[in-house]
Amino acid sequence: MHAFQQARFLSSAVQARDLPPIAGPELVFAGRSNVGKSSAINALAHRRRLAFASRTPGRTRSINFFELSGGGRLVDLPGYGYASAPRALRATWEPLIGGFLASRRRFAGMVLLTDARRPLVQSDRQFLAWLAPVPAPRLILLSKADKLSRAEQAAALKLAHAALEEERIEATTLLFSCKESARVDEARELLETWLREPRK
């Protein structure tokens, strides 16, 4: 049984004071609004409705915590980069996410989903730069890879690697599709390895 199989919702935090106490290694998921983060989490857990996407992109404002078997957690951050979200709402995200990153000390890994058709756009790069002080390995998932041909997938990987090199960011990069079990399994196996060997 994999660590994600018995995943269950734990709590949500809309302010830094709502964050639950640290209780094991945490895998953090981030990405632009509407990039498919909730679908990816559901695919990794082999569940249909574990994580919910807001019907209006940019409206989700909470950090959602899920318990994994074995004592780890999956942490789903609010989506970023959606210009039409109300300014007051956008203003709450930075202190909330910043407070979360500053207060935690047991990150197993940081997972960034980016659209394989437009990998690592400026908002993705800005978010990765913001994560620079966080001592944890990075995984870049190029989502919706099933919508690309093999040649286009290879080109997307090349673009992502070039962007990471330009920004001097070390990360593992994988093509990902919720519709392709082999790609889901590959990502899950790596993340489970990180959960077993969390960074201090």
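**Exercise 1.** Which side chain does the side chain of Asp76 meet in a polar contact, and where does Asp76 lie?

*Solution.* Start with the side chain: Asp76 makes a polar contact with the side chain of Lys37 (2.5 Å). A polar contact is a pair of N or O atoms within 3.5 Å; within protein, one must be able to donate a hydrogen and the other to accept it, and residues adjacent in sequence count only if both atoms are side-chain atoms. The model is predicted, so local features need pLDDT of at least 70, side-chain atom pairs count only at pLDDT 80 or more, and totals for chains, interfaces and linings use all residues. Residues are numbered from 1 along each chain as its sequence is written, and side-chain values use heavy atoms, with hydrogens and water left out.

Helices (H or I, at least four residues) and strands (E, at least two) are DSSP runs, numbered from the N terminus.

Then take its surroundings. Setting aside neighbours within four places in sequence, Asp76 is in contact (heavy atoms within 4.5 Å) with residues including Phe29, Lys37, Ile41 and Phe66.

Last, accessibility: Asp76 has a relative accessible area of 6% and is therefore buried. Buried means under 20% relative accessible area, exposed over 50%, partly exposed in between (1.4 Å probe, protein chains only).

**Exercise 2.** His46 has a positive phi although it is not a glycine; is His46 buried or exposed?

*Solution.* The phi of His46 is about 55°. His46 sits in the loop between helix H1 (37-45) and strand E3 (63-67). Its relative accessibility is 68%, so His46 counts as exposed.

**Exercise 3.** Leu120 also is not a glycine and has a positive phi; is Leu120 buried or exposed?

*Solution.* Here phi is about 50°. The loop that holds Leu120 runs between strand E5 (107-115) and helix H3 (122-130). Leu120 counts as buried because its relative accessibility is 4%.

**Exercise 4.** How many residues of strand E2 (residues 26-31) are buried, and which strands do bridges join to E2?

*Solution.* Count first: six of the six residues are buried, so E2 is largely enclosed by the rest of the structure. Then sort them by face: Glu26, Val28 and Ala30 lie on one side, with Leu27, Phe29 and Gly31 on the other.

Now the partners. Two strands pair if DSSP finds at least two bridges between them. Four bridges join E2 to E4, and these strands run parallel; Leu27 stands opposite Leu74 in E4. Six bridges join E2 to E5, again in parallel, with Val28 opposite Met110 in E5.
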